[in-house]
Amino acid sequence: MELQLSPSSSSSSMDDDTDVVVTDDETTVPENLKTSEKKALLELRTMLEDAIAAGQLLHHPSHRHERSKSRVANSCSVNSSCVKEEEAEEDLSGVSLWGVPLLPSRKHESTDVILLKFLRAREFKAADALDMIRRTLRWRRDFGVDGMMDGEGGADAAPPPPPQPPPPHLKSAAYIDGRDREGHPVCYNIYGVFKDKDVYRQTFGDEERQEMFLRWRVQLMEQGIKQMSLKPGGAAAMLHIIDFKDSLRPGMRELRSATREIVSIMQDNYPEFVAKNIFLNVSFRYYAYHALFSPFITPRTRSKFIFARPAQVTETLLKFMSPENIPVQYGGLRRGEDDDEFSAENERASELVIRGGGIGRIEIPILQPGVTVVWDITVVGWDVNYREEFIPEDEGSYKILIQNEKKPEECIRNSFYISEPGKVVLTVENRTFKKKRVLYRSKSKPTIPLYDLLSQTQHPQM
C-alpha cells in the first residue's frame, strides 16, 4: 500500500530566519509553541513520516546497512535468501505509542502530544527526538511492554507472561490513587514498606524476583498512562510522590539498584510523563546529596523536584493536591477509593484559618431530626486542642458532649444521630503562636434509629 506523505513534508523552507506560516493547506501546529519549537515539530513530522514510509523507523538506515553487510558476509554462502530477508522493509504504517498513531499523515489529534514529549526531552532537536523514538520502540518490543498489558507478545519478541495483579506485598509499595489539582494521576511510591525483612526478601531475594518487580513497576506506569488525557491540553503526565519514611537504612543494595534501573527506564522511554516528583520525609543527608548533584541536572528536570521534611508534608502536598485527594496518613481527608461516606468529586472540603492563640468553631446546623451527621476534620500541623458537642435548639434540652477535649494527631471522622433540631459544634483551640489551617467537610443522611428497627421487627404491622 502506498503511503501518502504529510503536507508538512513538502512545506516551504524552514531556515532559522523564517517564521513558520501555517495555512489551511498545511498541517497545523500548536499555537503555544515558540517559532523554533514549531520548526522542530514540523521537521520531526517529516523525518518520522519518511522513516515510516521507508520501513526504517526501528533501525537507522546506516545501522541497517552495516548489519546487512555483516550478515551477508557471514551467511550468504550458506543461504542466498538472507539478503532478501534483511532488505525487506518493515510495514510500520500502523505503529503507535500508548495507543496513539505515530504516522503524522493520519492526523490523529494526539500524535503531536507524543512527539512534543520526545522533542522536549531532547531540547527540541528533531534528529535526537527521532532517535529516542526509535530506541523506545525497540525497548518496548524487546521488553514486551504491550504484551504485559494485553497478554500478547509482539511479532519479534518472546511472548511475555500475561498481566498479573501485583503480589500482596507490593500493593502498598507503589500504587495510583486520585488526581492532583490539574487532573494528573497521582502515583505513590512508599519505600518504607521494604523495611520489613520478609517483604524485602519476597521482592528482591533473587534475580527472578527482582525482574518481576521491575516488570511490575513498568506495568504500573503503563496503567497510569491509561488514566491520562493524551489529547491536546490534557493532563498528559503523572504526579509522583516518593515517601522516604523508614526507608534509609543499610542493607538495601538491591532496592537501590532496582530504583536506579527504574529511573533509567523512565528517563529513556517515558519522556515528559512526570509532572512533578515530590519527595516526602526527606532527611538532611538526602538534601546534601541532592545539592551535590543538582548542578549536573538540567533546569527543566530540576524544576520538577519538590522536597518536604516531615513537618512540611501536608503543607507541601496542599500546593498540588486538594485536601479531598490527599490520603489521611499525609494529613488529608482521602480514605481510599472504597470510601462509602465521602467522594472527592462530590463533597468538597472547606477551610478555616485560626490565628495564633485563637479559637475556631465549626457549626453544622440540623433543622430536621432523624438524620445522622458525618464529618471529617483535619488540621495542618495539628498541635491543637479539639472537642465535639451537640447543642439542641430547645434551650430546655441538655447539651451532649460527643468527644471530650483531646490533642489529636491525624484526620478525624465521626458521626452523631440527631433526634431533635440543633447543631453539631466542632471546636479547635490553637494555643501556638502560628496560624493553623483547618480542613473539614460534613454531610447528613436519613437514618432509622436502631430501636425503631427492633420495634418493627418485634411488632410487624398487620
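A: Quick caveats before we dig in. This is a predicted model, so to speak of local features a pLDDT of at least 70 is needed, side-chain atom pairs count only at pLDDT 80 or more, and totals for chains, interfaces and linings use all residues. Residues are numbered from 1 along each chain as its sequence is written, and side-chain values use heavy atoms, with hydrogens and water left out.

The lining comes to 37 residues, and Val 113, Leu 116, Arg 120, Gly 233 and Gly 234 lie nearest the centre of the pocket. A pocket, on a 1 Å grid over the protein atoms alone, is an open set of points where a 1.4 Å probe fits, with protein on both sides within 12 Å along at least five of seven lines; lining residues have an atom within 4 Å of a point. The space inside is about 880 Å³, taken as what is filled by probe spheres set on the points, which are joined across faces, edges and corners.

Helices (H or I, at least four residues) and strands (E, at least two) are DSSP runs, numbered from the N terminus.

Follow H4 onward and you reach the loop between H4 and H5, where Phe 124 sits. Phe 124 has a positive phi of about 60° even though it's not a glycine. Most residues other than glycine have a negative phi.

H5 (residues 126-143) also meets helix H1 (residues 35-53): their axes come within 9 Å and cross at roughly 45°. Axes are lines fitted to C-alpha atoms, for helices over the stretch in contact, and angles run from 0 to 180 degrees between N-to-C directions. H1 and H5 are therefore oblique to each other, a label for what remains once under 35 degrees is called roughly parallel, over 145 roughly antiparallel and 65 to 115 roughly perpendicular. The crossing of H1 past H5 is right-handed, meaning the near helix is turned clockwise from the far one by less than a right angle.

Two strands pair if DSSP finds at least two bridges between them.

S6 runs parallel to strand S5 (residues 238-243), joined by six bridges, and Ile 241 has Ile 278 in S6 as its bridge partner. Past S6, in the loop to helix H10 (284-293), lies Asn 281, another residue other than glycine with a positive phi, near 55°.

At the S3 end, strand S3 (residues 174-179) and strand S4 (residues 185-190) pair antiparallel over four bridges, with Ile 176 opposite Cys 187 in S4. S3 and S4 make a hairpin with five residues between them, and Gly 183 in the turn has a positive phi of about 90°.
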